[in-house]
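The sequence and the structure are shown first, and the discussion follows.

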Amino acid sequence: MVQAMAHQAALTDWGSFYVITGSAAAALTGLQFVVMALVTEIRGQSTESLIDTFSTPTIVHFCAVLLVSAALSAPWQSLRGPAYLLGACGISGAIYALLVARRTRQQLTYKPVMEDWVWHVALPLIAYATLLTAALILMRQETVAMFITSSAVLLLLFVGIHNAWDTVSYIVVERVPEKKGD
């Protein structure tokens, strides 16, 4: 009973952080949907491959932040549940980052530059590996694991923000045809 209360206190101490990051991720996910709806008029110039490679992962990262934030705000009786959830998120996210790497490498419409490899592949892979690391040590070093988890969550949030902005900038600057008479 005392140990369960100590674990709950460890999670409770992080409650505000996860409310903020989870809310930000949810709002940014909604905003990404709005942006995609606004650019549908240039859909003929985009490809499903480009969207799968550069836009869909942004939603996945925001959803991972939302999932971790919600899970770590739940009233767990032990740290075993959050550890399993963080581990599953870390493993599945790392696999997904490798899938994105493959999609990036196979791009024919757009030639990825170093910035794309860093922000769309390397940093997400690092963030998901960090979540897995946190899961592996959560039961033994909960304070350290919580700081590691928060770092991964912030990294995924910042990656999502950067990549959403990068996508919008690319669409506006490179893909939207100039109006006649400008």
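How many helices and how many strands are there in the chain? The chain contains 6 helices and 0 strands. The structure is a predicted model. Along the sequence, the elements follow the pattern α-α-α-α-α-α.

**Overall organisation**

The chain has 182 residues, of which 42% count as buried. When contacts between residues at least 6 apart in sequence are considered, 82% of them join residues at least 24 apart. The chain exposes about 10,000 Å², and carbon and sulfur atoms supply 69% of this area.

**The nonpolar core**

In soluble globular proteins, nonpolar side chains tend to be buried together. In this model, the largest nonpolar core has 25 residues. The members that touch the most other members are Tyr18, Val68, Leu86, Tyr128, Leu131, Leu138 and Leu156. At least two residues of this core come from each of helix H2 (15–38), helix H3 (48–73), helix H4 (80–105), helix H5 (114–137) and H6. The largest share, 6 residues, is supplied by H6.

With residues up to four places away in sequence not counted, Leu131 touches Val68, Leu86, Cys89, Gly90, Thr149, Ala152 and Leu156. Among these partners, Val68, Leu86 and Leu156 are also listed with the core members that touch the most others.

**Aromatic residues**

A search of the whole structure finds 4 aromatic pairs. Two of them are set out below.

| Pair | Centre to centre | Angle between planes | Geometry |
|---|---|---|---|
| Trp14 and Phe17 | 5.6 Å | 85 degrees | edge-to-face |
| Phe17 and Tyr18 | 4.9 Å | 90 degrees | edge-to-face |

Phe17 takes part in both of these pairs. Trp14, Phe17, Tyr18 and Phe147 form one aromatic cluster. Are Trp14 and Tyr18 buried or exposed? Trp14 has a relative accessibility of 15% and therefore counts as buried. Tyr18 also counts as buried, because its relative accessibility is 2%.

**Buried proline and glycine positions**

Pro82 lies in helix H4 and counts as buried because its relative accessibility is 0%. Pro82 and Val68 are separated by 14 residues in sequence, while their C-alpha atoms are 8.6 Å apart in space.

Gly160 is placed in helix H6. Gly160 likewise counts as buried, because its relative accessibility is 0%. Which residues does Gly160 touch, not counting residues up to four places away in sequence? The partners are Thr58 and Phe62. Gly160 and His120 are 40 residues apart in sequence and 8.9 Å apart in space, C-alpha to C-alpha.

Leu154, Phe158 and Ile161 form a nonpolar patch on the surface, with about 250 Å² of accessible area together. Why does Phe158 count as partly exposed? Its relative accessible area is 47%, and the partly exposed class lies between the buried class, under 20%, and the exposed class, over 50%.

Note on methods
Residues numbered from 1 in each chain as written. Predicted model: local features only at pLDDT ≥ 70, side-chain atom pairs only at ≥ 80, totals over all residues. Heavy atoms only, no water. Patch = residues over 30% accessible without salt bridge, like charges linked within 9 Å, V, L, I, M, F, W, Y side chains within 5 Å. Areas by Shrake-Rupley, 256 points an atom, 1.4 Å probe, with all protein chains shown as cover. Salt bridge = Lys/Arg side-chain N within 4 Å of Asp/Glu carboxyl O. Buried < 20%, exposed > 50% of the residue type's maximum accessible area, 1.4 Å probe, protein only. Phe/Tyr/Trp six-rings, centres within 6.5 Å; stacked < 30°, edge-to-face > 60°. Core = buried A, V, L, I, M, F, W, Y, C linked by side-chain atoms within 4.5 Å. Helix = DSSP H or I, 4+ residues; strand = E, 2+ residues; numbered from the N terminus. Contact = heavy atoms within 4.5 Å.
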